[in-house]
Amino acid sequence: MQRWLMKTEPDTFSIDDLRTRKVEPWNGVRNYQARNFIRSMRRGDEVMIYHSSCAVPGVAGLGKITSAPYPDPGQFDPKDPYFDAGSDRGNPRWTLVDVRFVRKLKRVITLDEIKALRNLGDFALTRRGNRLSVLPVSDAQWQAILALE
DNA sequence: GCCAACGTTGGC
DNA sequence: GCCAACGTTGGC
């Protein structure tokens with residue numbers, strides 16, 4: 001089983017929205033590196049749900065991958081904000097997975113706290129200038145972050 | 001293939 | 001709202 005972190009802007013889709021929806025197709029990822037991580041996901045992988053572009057950025061909850069990767073339907077819909085005219089139906093460019101709500105953390109574990117952990121090793125979340133919206137989390141990183149809860 | 005211009009992300 | 005960092009686009 002692999003572990004991941006997926007970012008979302010809580011003003012658009014928060015951990016509370018995921019709890020309400022129970023399972024959500026994680027649509028709209030339009031970055032090749034993030035897409036490649038999505039394509040390597042498997043049913044049962046665990047995910048940290050991270051709130052970005054908000055007052056207190058940080059890990060807000062946990063989820064689980066409940067589907068194999070499959071084509072993001074929005075790429076073919078001209079009315080979809082993530083429409084991509086260059087994507088070929090025979091070889092879709094963009095992929096998503098379904099994410100199921102697992103739990104909301106008792107409190108948000110903030111980016112500041114995560115940065116202050118000195119023993120995380122190489123971590124895409126805290127790399128300088130990082131903008132990846134989907135990134136891998138090692139077992140050690142996962143445990144060190146959740147130990148802060 | 002280079003690289004300047006442009007758009008987006010996301011912390012602050 | 002600002003802006004640094006980065007990805008993408010497109011002219012050459």
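Guide: One term to begin with: a residue is near a molecule or strand if one of its heavy atoms lies within 4 Å of it. Of the atoms of DNA strand B within 4 Å of the protein, 74% belong to sugar or phosphate, and the rest belong to bases.

Visitor: What kind of model is this, and how is it numbered?

Guide: This is a predicted model, in which local features need pLDDT of at least 70 and side-chain atom pairs count only at pLDDT 80 or more, while totals for chains, interfaces and linings use all residues. Residues are numbered from 1 along each chain as its sequence is written, chains are lettered from A and ligands numbered from 1 in the order in which they are written, and side-chain values use heavy atoms, with hydrogens and water left out.

Visitor: Which residues surround DNA strand B?

Guide: They are Lys-7, Tyr-50, Ser-52, Ser-53, Pro-57, Leu-111, Asp-112, Lys-115, Arg-131 and Leu-132. By class, four are nonpolar, two polar and four charged. Here Ala, Val, Leu, Ile, Met, Phe, Trp, Tyr, Cys and Pro count as nonpolar, Asp, Glu, Lys and Arg as charged, and the others, Gly among them, as polar.

Visitor: Which helix gives the largest share of that surface?

Guide: Helix H3, residues 111-116, with three residues. Helices (H or I, at least four residues) and strands (E, at least two) are DSSP runs, numbered from the N terminus.

Visitor: What touches the phosphates of DNA strand B?

Guide: There are polar contacts, meaning pairs of N or O atoms within 3.5 Å; within protein, one must be able to donate a hydrogen and the other to accept it, and residues adjacent in sequence count only if both atoms are side-chain atoms. The side chain of Tyr-50 has an N or O atom 2.8 Å from a phosphate oxygen of DNA strand B. Ser-53 uses a backbone N or O atom, at 3.0 Å from a phosphate oxygen.

Visitor: Changing topic: how many helices and strands does chain A have?

Guide: Four helices and eight strands. Along the sequence, their pattern is β-α-β-α-β-β-β-β-β-α-β-α. The radius of gyration (taken over C-alpha atoms) is 15 Å, close to the 15 Å from the globule rule (2.2 Å times the number of residues to the power 0.38) for 149 residues, so chain A is as compact as a globular protein of that length.

Visitor: Is Val-29 buried or exposed?

Guide: Val-29 counts as buried because its relative accessibility is 7%. Buried means under 20% relative accessible area, exposed over 50%, and partly exposed in between (1.4 Å probe, protein chains only). Val-29 sits in the loop between strand E2 (23-25) and helix H2 (32-39).

Visitor: What is Val-29 in contact with?

Guide: Leaving aside neighbours within four places in sequence, its contacts (heavy atoms within 4.5 Å) include Ala-34, Ile-38, Trp-94 and Val-134.

Visitor: And Thr-110, which strand is that in?

Guide: Strand E7, residues 98-110. Thr-110 has 18% relative accessibility, so Thr-110 counts as buried. Not counting residues up to four places away in sequence, Thr-110 touches Val-56, Pro-57 and Gly-58. Pro-57 is also one of the residues surrounding DNA strand B.
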